[in-house]
Amino acid sequence: MTAPAAVDIIADLIAEDDRLEAILETYTDAQWSTQSLCPGWTTADVILHLAQSDEAVIASVGAADHAAAVWRGSATTVDGLMEEQVQRERAAPSIVFHRWRAARRGAVDALRAADPDVKLRWAAAPLRPATLATTRIAEHWAHALDVTEPLGVALADTNRLRHIAWLGHSTLPYAFGLAGLQPQPIRCELTGPSGDVWTFGPEDAMSRITGPVGDFCRIGAQRLQAADSALATTGPHAAAALGVLRNYAA
């Protein structure tokens, strides 16, 4: 995968984090203790997970051996390991918030300093810094949904979703393979928040997905079912692509 220019990704990662931080600054203790959209996790648990994963970015950039250890544990899956880490390190909201604010800034600094051509160890496969930064935008955005929607806090779609849509489309071959399916060429024509149409995939692909980018990204984050979206599919493999779409690797 070849990500967009790293400088744009880093700037958008900072902007996504700034938005979430500004929202969290307004939360009361009761809101921090509210159940999020992640089963079994409160708002504080979700932000703790973001802190832990941002710390893993710092470790990946700083020391390959340490980075390898980040993903080891008794759990057999990345999701299982993340659950173990959250349960082990739960803390008061103020402590969690302080930890995440430091970690997210440290992760940005680490990604900026990293050699752009050297892949960094990550959950499923090594990633170049620009691609890893893109996955961080996707994760921070998805978890922002998890801690705002239950509280009725608005989180408007932005043009930063273009990075997430690129990630989802670029990983479709991987997602098809995980599902035991043969990868297929998919054309996506997605309408951004400003009305621009963003295209991904070959123009002559027989299978197409069209519609709002927000729905595409939410399906990839498993926050929306394809049947409940405003997306349209045509061709023999587009519906299957939405069925396996993911903005993450696990």
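In what order do the four strands of the open sheet lie? In this predicted model, the order is S2-S1-S3-S4, and the pairing is mixed. At the edges sit S2 (197-200) and S4 (232-234), each of which pairs on one side only. Going from one strand to the next, the twist averages 15°.

Let's zoom in on one pair. S1 (residues 186-191) and S2 are joined by four bridges and pair in the antiparallel sense. Look for Glu189, which stands opposite Thr199 in S2.

Now for the helices that go with this sheet. Helix H8 lies across S1 and S2. Helix H10 (residues 213-220) packs on the sheet too, where it touches S1, S2 and S3 (207-212).

H8 also packs with another helix, H7 (residues 129-148), and their axes are 9 Å apart. Here are the angles to look for:

| Pair | Angle |
|---|---|
| H7 and H8 | about 110° |
| H8 and S2 | about 25° |
| H10 and S3 | about 110° |

Who does the touching? From H7 come Thr131, Thr134, Thr135, Ile137, Ala138 and Trp141, while H8 brings Leu161, His163, Ile164, Trp166 and Leu167. Sort the residues of this contact by type and you get seven nonpolar, four polar and no charged.

How values were computed:
Residues numbered from 1 in each chain as written. Predicted model: local features only at pLDDT ≥ 70, side-chain atom pairs only at ≥ 80, totals over all residues. Heavy atoms only, no water. Axes fitted to C-alpha atoms, helices over the stretch in contact; angles between N-to-C directions. Helix = DSSP H or I, 4+ residues; strand = E, 2+ residues; numbered from the N terminus. Contact = heavy atoms within 4.5 Å. Nonpolar A, V, L, I, M, F, W, Y, C, P; charged D, E, K, R; others polar. Pairing = 2+ DSSP bridges.
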